Amino acid sequence: MRIVIAGGHGQIALRLERLLAARGDEVAGIIRRTEQGDDLREAGAEPVLLDLESASVEEVAAQLRGADAAVFAAGAGPGSGVARKDTVDKGAAVLFADAAVQAGVRRFVVVSSMGADPAHEGSEVFDVYQRAKGEADAYVSGLDALEWTILRPGSLTNDAGTGLVRLEAHTGRGAVPRDDVAAVLAELVDSPATAGLTLELVSGPSPVSVAVKSVAGN
């Protein structure tokens, strides 16, 4: 498969790129800064320099043509303000989805956030983030041209992955290592039977492949 990842230098994205490259997939990661390229090459991915806050749908679609799947793993990051929650966490997700439709890429996986909700209340930066992610998820889920799956991990940690997770429509709050989020994403990309599902993810009792097969109904 050829898989294009938005936010290619993110902590989850770099882990995902390593997993996909190791299993023989062709991976491209979209990055904003040239100096990030070496980290992607080390992970086995091809760096694509493109700013999703200023690029056009056509420019993004040009990078997506010929791909078998697209993964939106971009985020403004914890140090960013309110404005970039709208331009990245919502705006870039909408742009990437529209570009996938234009490029004819049907499989589309989103890294969202547990608690994402377009009706989330509050004025703190995290509240704005949860609204932005919720609005992005709502937009993607309304696109019939995409076979979308939305993944909403719990609190992210840098602990070593265990390969054991709980993946359900509603898991309840909990933590999950970024290693395990990447492992679930790698399975989801290759599991179109999960299309149309919004899934929460925390650490749990099930091996990743078993958890994904379970929600896929096989």
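Are F72 and F96 buried or exposed? In this predicted model, both F72 and F96 are buried.

Strand β5 spans residues 107-111. Of its 5 residues, 5 are buried, so the strand is largely enclosed by the rest of the structure. In a regular strand, side chains alternate between the two faces of the sheet. Both faces of β5 are covered. R107, V109 and V111 are buried on one side. F108 and V110 are buried on the other.

Two strands pair with β5. One is β4, residues 69-72, which joins β5 in the parallel sense through 4 bridges. Within this pairing, A70 has F108 of β5 as its bridge partner. The other is β6, residues 147-153, which runs parallel to β5 and is joined to it by 5 bridges. Here R107 stands opposite E147 of β6. Together with helix α5, residues 125-141, the two strands make a right-handed β-α-β unit.

Aromatic contacts were examined next. A pair of aromatic rings is described by the distance of the centres and the angle of the planes. The count of aromatic pairs comes to 3. In one of them, the ring centres of F72 and F96 are 6.1 Å apart. Their planes meet at 50 degrees, which lies between the limits of 30 degrees for stacked and 60 for edge-to-face, so this pair is tilted. The pair links distant parts of the chain. F72 belongs to strand β4, whereas F96 belongs to helix α4, residues 82-103. The two residues are 24 residues apart. Ring pairs also bring in F108, so that F72, F96 and F108 are linked into a cluster.

Helix α7 covers residues 208-216. Its residues V208, A211, V212 and A216 are buried. Viewed down the helix axis, the buried residues fall within an arc of 130 degrees, so they line one face of α7. They pack against three elements: strand β8 (164-168), helix α6 (178-189) and strand β11 (206-207). After α7 comes G217. The phi of G217 is positive, near 85 degrees.

Key: Residues are numbered from 1 along each chain as its sequence is written. This is a predicted model: local features need pLDDT of at least 70, side-chain atom pairs count only at pLDDT 80 or more; totals for chains, interfaces and linings use all residues. Side-chain values use heavy atoms; hydrogens and water are left out. Buried means under 20% relative accessible area, exposed over 50%, partly exposed in between (1.4 Å probe, protein chains only). Two strands pair if DSSP finds at least two bridges between them. A crossover is right-handed if, with the strands pointing away from the viewer, the path from the first strand over the helix to the second runs clockwise. Rings of Phe, Tyr and Trp (its six-membered ring) pair if their centres lie within 6.5 Å; planes under 30 degrees apart count as stacked, over 60 as edge-to-face and the rest as tilted. The arc is that of the directions from the helix axis to the C-beta atoms. Contact means heavy atoms within 4.5 Å.
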